[in-house]
Amino acid sequence: MSKVKYYYDPDTLSYRKIEPKKSKKYRNIFLFVLGSALFGFLGLVILLNTKWVNTPKELSLEREVRNYELQFEILNKKMEQMEQVLANIEDRDNNIYRLYFEANPIPEEQRKAGFGGINRYKSLDGFNNSDIIINATKRLDIIQKQMVIQSKSLDEIAKLAEEKEKLLASIPAIQPVSNEDLTRMASGYGWRSDPFTKARKMHWGMDFTAPRGSPIYATGDGKVTRADNQSSGYGKHIRIDHGYGYITLYGHLSKYNVTVGQKVRRGDLIGFVGNTGRSEAPHLHYEVFKDGERINPINFYYGSLTAEEFENMLKFANQENQSLD
Ligand SMILES: [Zn+2]
């Protein structure tokens, strides 16, 4: 509302209304409209540049970003599941597989080692959502590394298992003659009376009585290193090198069934019982060497004896009888 202005007229001694000029009135209206338009336009510009009002494009972009965030959340959940499965495999690897094959467990720090040095996630930095992208990438990198380490560990285990299998097949583990009721065991390892001099003498192997011509079997996988009668007292004898420091010796044979250099498997027929060399009656004299020392063969029949049979054999082998040499 425009103010009504008055002036004092000395002629009439009264106040009179000032009538505004028409042109001035129109100018004022024009200025008012122009000011309002400018003000409105400025307000609109400000509004469009703030968050309060979004353009359709902005709205669609915002929806897209929210969708990305949701997808990252789902991916993170999946990664968490992967981490759990991997942790379980690593646990079994360290505490069962590696333990069983006597390999040292792989330390946690080594399995989960990060990536030190330069910031490899630099290119992902500097955006609103950099954090979730960098975290997910880091997490995946660690999972990837864990998988590589785990895979290498399993390769190692497979190799060790193969080696162990070979070792188990090589170590002497059965009796060298068929001895189902254990009646063939005649004399054990230890101090025994010499069949010829009757003096007490160390008997370095085990004697198995058996009729001449009874089959003799290799007690583990290996290679025949000797099949001759050039070793004093043993008569016709065979030596098999099993590797891992193990050698077995079979003495007083009547006949060979193998030749030097031949590879044999456990249970292969290598020769026949006889009475050659320093022997009182047909029998097999059997010795087991470990790293050049002759050791008690009684501990190397576990492949063919039950616990009960082993007990019986142990009892019998410990009797201080006369050996057949
Ligand atoms: Zn003997």
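The structure is a predicted model, in which local features need pLDDT of at least 70 and side-chain atom pairs count only at pLDDT 80 or more, while totals for chains, interfaces and linings use all residues. Residues are numbered from 1 along each chain as its sequence is written, and side-chain values use heavy atoms, with hydrogens and water left out. Helices (H or I, at least four residues) and strands (E, at least two) are DSSP runs, numbered from the N terminus.

**Zinc site**

- The zinc ion is coordinated by His203 (NE2), Asp207 (OD) and His285 (ND1), at 1.9 to 2.2 Å.
- Donors are N, O and S atoms within 2.8 Å of the metal (3.2 Å for Na, K and Ca); water is not among the atoms, so sites may look incomplete.
- Along the chain, the donors of the zinc ion follow the spacing H-x3-D-x77-H.
- Histidine 203 belongs to strand β5 (residues 200-203) and histidine 285 to strand β14, so the pair ties together parts that are 82 residues apart in sequence.
- Both histidine 203 and histidine 285 are buried, where buried means under 20% relative accessible area, exposed means over 50%, and partly exposed lies in between (1.4 Å probe, protein chains only).

**Aromatic rings**

- A pair of aromatic rings is described by the distance of the centres and the angle of the planes.
- Rings of Phe, Tyr and Trp (its six-membered ring) pair if their centres lie within 6.5 Å; planes under 30 degrees apart count as stacked, over 60 as edge-to-face and the rest as tilted.
- By this rule, the count is 7 aromatic pairs.
- One of them joins phenylalanine 208 and tyrosine 301 in an edge-to-face arrangement, with 6.1 Å centre to centre and 80° between the planes.
- This pair links distant parts of the chain, 93 residues apart: phenylalanine 208 is in strand β6 (residues 206-209), and tyrosine 301 is in the loop between β15 and α5 (307-317).
- Phenylalanine 208 counts as buried because its relative accessibility is 0%, and tyrosine 301 is buried with a relative accessible area of 1%.
- Tyrosine 250 and tyrosine 286 form a tilted pair, with 5.3 Å centre to centre and 45° between the planes.
- Here too distant parts of the chain are linked, with tyrosine 250 in strand β10 (residues 246-251) and tyrosine 286 in strand β14, 36 residues apart.
- Tyrosine 250 and tyrosine 286 are both buried.
- Phe208, Tyr250, Tyr286 and Tyr301 form one aromatic cluster.

**A sheet of three strands**

- An open sheet of 3 strands has the order β7-β13-β11, with antiparallel pairing; two strands pair if DSSP finds at least two bridges between them.
- At the edges stand β7 (215-217) and β11 (253-256), each with a single partner strand, so one side of each is left without a neighbour in the sheet.
- β7 pairs with strand β13 (residues 269-273) in the antiparallel sense over 3 bridges.
- The bridge partner of tyrosine 217 in β13 is leucine 269.

**Loop residues with positive phi**

- Leucine 13 has a positive phi of about 50° although it is not a glycine, and leucine 13 lies in the loop between β1 (6-9) and β2 (14-17).
- Leucine 13 counts as exposed because its relative accessibility is 62%.
- Aspartate 291 also has a positive phi, near 50°, in a residue other than glycine; its place is in the loop between β14 (283-290) and β15 (293-295).
- At 57% relative accessibility, aspartate 291 counts as exposed.
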